[in-house]
Amino acid sequence: CGKSTELARVANYLSDSERYFVIHLDCVKRLDIDNLKYADVLLALATSLLEALENQHAITIESVHLGNLENWFDERVKTHANIKDFAAEIKAGAKVKTGLPWLVELFAEMTSKINIGATYRDELRRVLTNNFSEFSKAFNQLIRVAEDKIREKNLGQRILFTVDGTDRLNGEDAHKFFIEDAHQLTQIDSIFIYCAPIHLLHTSGSHLNANFNHPFRVPMIKVRDKDNQPLEENYE
């Protein structure tokens with residue numbers, strides 16, 4: 001039914017100074033869709049937001065507002081026994097950078113490690129899930145400050161995250177992501193559009209309605225009849 005195309009159209013329509021500053025994440029391109037957890041997606045969304053602020057719009061955020069994210073890394077990632085070498089590598093590679101540029105590089109590298117299935121993937125996930133309240137607090141602070149800066153530059157009124165590819169999760173992974181881990185997804189204080197597998201609407205519709213606002217099913221529209229003749233009204 002052209003779900004990705006429709007999502008791109010919605011994102012383009014809503015991307016406006018009077019509407020939203022859209023951050024789009026294609027999980028198929030950026031993450032490992034065959035081994036995907038909510039921690040991967042939230043880390044990649046934070047990365048995408050940081051990259052958009054720094055690289056696409058040259059938005060400056062004062063270091064005082066980035067302290068919670070930096071502290072989360074310093075206290076939870078850098079001190080973790082199994083990934084301290086990874087943290088040291090990142091610190092060394094970005095030692096000349098501070099503030100937002102450093103965080104962009106840091107989060108991009110963490111997202112990359114999760115994507116390629118490196119040794120660090122499970123440990124990074126464990127750090128985020130075990131200290132999720134701290135991460136969500138830091139992410140929410142970034143969103144609030146970023147929205148102030150975005151409004152100042154007349155780029156939008158609020159941030160909107162669009163997440164494509166999560167409809168490709170298999171039955172067990174989809175249920176865990178959208179049902180069991182929904183609480184964590186909804187702890188990030190922003191607006192999201194997630195693509196969910198159609199079977200969840202049939203098997204877990206009540207849970208989806210409880211966890212997410214306004215589930216919407218993209219319709220399949222018949223454009224040719226049984227004789228393969230175009231149905232002009234449906235095309236229109």
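Reader: Which strand is joined to strand 1, and how many bridges are there?

Author: In this predicted model, strand 1 (residues 20–26) is joined by seven bridges to strand 2 (residues 158–164), and the two run parallel.

Reader: Is strand 1 mostly covered or mostly open?

Author: Burial is judged by relative accessible area, with under 20% counting as buried. By that cut-off, five of the seven residues in strand 1 are buried, so the strand is mostly covered.

Reader: How should I read a salt bridge?

Author: Side chains of opposite charge can pair when their charged atoms come close. In the whole structure, a search finds 14 salt bridges. One of them joins Arg125 to Asp40, with 2.7 Å between the closest N and O atoms. Arg125 belongs to helix 7 (residues 121–130) and Asp40 to helix 3, so this pair ties together parts that lie 85 residues apart in sequence. Both Arg125 and Asp40 are buried.

Reader: How far apart in helix 7 are Glu123 and Arg126?

Author: Glu123 and Arg126 are three residues apart in helix 7, and therefore about one helical turn separates them. They form a salt bridge whose closest N and O atoms are 2.9 Å apart. Glu123 is buried because its relative accessible area is 15%, whereas Arg126, at 39%, is partly exposed.

Reader: Which residue forms a salt bridge with Arg158?

Author: The partner is Glu147, and the closest N and O atoms of the pair are 3.5 Å apart. Arg158 is partly exposed, with a value of 31%.

Reader: How is a pocket to be described?

Author: The largest pocket has a volume of about 1400 Å³. It is lined by 38 residues, of which Ile193, Tyr194, Cys195, His214 and Phe216 are the closest to its centre. Helix 1 (3–14), strand 3 (191–194), helix 11 (198–203) and helix 12 (205–211) each supply at least two residues of this lining. Helix 1 gives the most, with seven residues. By class, the lining of the largest pocket comprises 26 nonpolar, seven polar and five charged residues.

Reader: What is the volume of the second largest pocket, and which residues are closest to its centre?

Author: The second largest pocket holds about 150 Å³ of space. It has 13 lining residues, and those closest to its centre are Phe21, Val22, Ile23, Ala52 and Gln56. Strand 1 and helix 3 (38–56) are the elements that give two or more residues to this lining. The largest share, five residues, comes from strand 1. The lining of the second largest pocket divides into six nonpolar, five polar and two charged residues.

Reader: Is Cys195 buried or exposed?

Author: Cys195 is buried, because its relative accessibility is 9%. Its place is in the loop between strand 3 and helix 11. Leaving aside residues up to four places away in sequence, Cys195 touches Lys3, Leu7, Val163, Asp164, Thr166, Asp167 and Phe178.

Reader: Which residues other than glycine have a positive phi?

Author: Two cases may be mentioned here. Asn154 has a phi near 60°, and Asn228 has one of about 70°. Asn154 is in the loop between helix 8 and strand 2, and Asn228 in the loop between helix 12 and helix 13 (232–235). Asn154 counts as partly exposed because its relative accessibility is 46%. Asn228, at 49%, likewise counts as partly exposed.

How values were computed:
Residues numbered from 1 in each chain as written. Predicted model: local features only at pLDDT ≥ 70, side-chain atom pairs only at ≥ 80, totals over all residues. Heavy atoms only, no water. Buried < 20%, exposed > 50% of the residue type's maximum accessible area, 1.4 Å probe, protein only. Helix = DSSP H or I, 4+ residues; strand = E, 2+ residues; numbered from the N terminus. Pairing = 2+ DSSP bridges. 1 Å grid on protein atoms, 1.4 Å probe; cavity = no way out; pocket = protein on both sides within 12 Å on 5 of 7 lines; lining within 4 Å. Points joined across faces, edges and corners; volume = space filled by probe spheres on them. Nonpolar A, V, L, I, M, F, W, Y, C, P; charged D, E, K, R; others polar. Contact = heavy atoms within 4.5 Å. Salt bridge = Lys/Arg side-chain N within 4 Å of Asp/Glu carboxyl O.
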